[in-house]
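Biologist: Hi, I'm new to this one. Can you walk me through it?

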Amino acid sequence: MESLVDIQRVSRKYLDGKVLALDQVSLQIARGEFLAVTGRSGCGKSTLLNLIGGLDRPTDGEIFFEGKPLSTVSSLDRWRSEKIGFVFQSFCLLPNLTAEENVQLPLFGKSVNDRIRVEQSRRFLDFVGLADRRNHLPSELSIGQCQRVALARALVNRPALLLADEPTGSLDSQSGEEVLDLLEVCRRQEGMTIVMVTHDLELAGRANRFIRLQDGRIVEDSQLASPKVSGEVS
Ligand code: ADP
Ligand code: MG
């Protein structure tokens with residue numbers, strides 16, 4: 001079957017080539033996969049995620065998404081809004097919008113009427129367990145709840161691929177587990193493809209495949225046969 005993402009010898013250089021953040025990386029990501037990307041700080045994890053999500057373009061090589069080369073996509077902003085959901089360590093919620101309004105943001109500018117927009121945002125707030133917090137501002141929510149709002153916002157467009165960069169990096173361990181539980185439900189029930197950057201090997205163990213980067217190269221690529229379920233004794 002065709003990969004959802006096919007990365008072919010991609011490099012990303014910064015500062016006129018003085019920094020080689022990614023060094024001829026090739027990687028195929030199948031639909032429905034939950035891939036954890038690990039490695040030390042500075043090894044190129046965020047660079048890889050940003051390239052896959054079209055927030056940045058490679059210096060060399062090509063990324064194919066659903067078989068189409070990203071270098072031929074004229075508006076990566078539009079493409080991203082249709083295909084990709086992003087979750088960052090720092091949520092990026094707008095402080096003067098309520099939880100529900102934040103979740104609705106990706107639906108503005110699309111051919112979605114008001115009723116559908118409200119329905120969809122409520123559905124995904126409900127999914128992340130925050131139906132009763134929809135009128136709260138981010139400042140009235142806990143950090144873990146803010147990250148769940150950010151996840152609902154990433155999901156509201158039903159993206160083909162969810163990209164999460166250290167999504168639990170600002171959270172206590174219990175809130176982190178809750179976010180991971182939700183990602184697992186996305187994969188199992190919705191068949192969503194997920195790429196999650198984390199330096200937490202325990203959390204990476206809940207993916208079904210794991211790669212490790214070092215100095216911009218993939219040095220380990222393992223399938224995890226039976227992802228651990230939350231609460232399970234290992
Ligand atoms: P990670 O997410 O694994 O911590 P990054 O992908 O952010 O790593 O960075 C990989 C390397 O590229 C690091 O050496 C970092 O300093 C460098 N880098 C990242 N972004 C830039 C930039 N905009 N300009 C120059 N160097 C950068
Ligand atoms: Mg990073």
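Predicted model: local features only at pLDDT ≥ 70, side-chain atom pairs only at ≥ 80, totals over all residues.

Biologist: OK. What does glutamate 178 form a salt bridge with?

Modeller: With arginine 148, and the closest N and O atoms are 3.8 Å apart. A salt bridge here is a side-chain nitrogen of Lys or Arg within 4 Å of a carboxyl oxygen of Asp or Glu. That pair links distant parts of the chain: glutamate 178 sits in helix 6 and arginine 148 in helix 5, 30 residues apart. Helices are DSSP runs of H or I with at least four residues, strands are runs of E with at least two, and both are numbered from the N terminus.

Biologist: And is arginine 148 buried or exposed?

Modeller: Arginine 148 counts as buried, because its relative accessibility is 15%.

Biologist: How many residues of helix 5 are buried?

Modeller: 12 of its 13, so helix 5 is mostly covered. Among the buried ones are Gly144, Val149 and Leu155.

Biologist: What covers them?

Modeller: The cover includes strand 6, helix 3, helix 4 (114-127), strand 7 (161-165) and helix 6 (173-190). Contact means heavy atoms within 4.5 Å.

Biologist: How far does helix 5 reach?

Modeller: Helix 5 (residues 143-155) reaches 19 Å from its first C-alpha to its last, close to the 18 Å expected at 1.5 Å a residue. The expected span is 1.5 Å times one less than the number of residues.

Biologist: Switching topic: how many disulfides are there?

Modeller: The count is 0, where a disulfide is a pair of cysteine sulfur atoms within 2.5 Å. Take cysteine 146: the closest cysteine sulfur, in cysteine 92, is 11 Å from its own, so that is too far for a bond. Cysteine 186 is in no disulfide either, as the nearest cysteine sulfur, that of cysteine 146, is 18 Å away.

Biologist: Why does cysteine 186 count as buried?

Modeller: Because its relative accessibility is 2%. Cysteine 146 is buried too, at 7% relative accessible area.

Biologist: Back to salt bridges. How many in total?

Modeller: The count comes to 20. One of them joins arginine 209 and aspartate 221, with the closest N and O atoms 2.8 Å apart. Arginine 209 is in strand 9 (residues 209-214) and aspartate 221 in strand 10 (residues 217-223), 12 residues apart. Arginine 209 is buried at 7%, whereas aspartate 221 is partly exposed at 42%.

Biologist: Which residues are linked in a network of salt bridges?

Modeller: Glu177, Asp181, Glu184 and Arg206.

Biologist: Which residues form a nonpolar patch on the surface?

Modeller: Leu94, Leu105 and Phe108 do. Leucine 94 is in the loop between strand 6 (84-87) and helix 3 (99-104), and it counts as partly exposed because its relative accessibility is 39%. Patches are made of residues with over 30% relative accessible area and no salt bridge, joining like charges within 9 Å and nonpolar side chains (Val, Leu, Ile, Met, Phe, Trp, Tyr) within 5 Å.

Conventions:
Residues numbered from 1 in each chain as written. Chains lettered and ligands numbered in written order. Heavy atoms only, no water. Areas by Shrake-Rupley, 256 points an atom, 1.4 Å probe, with all protein chains shown as cover. Buried < 20%, exposed > 50% of the residue type's maximum accessible area, 1.4 Å probe, protein only.
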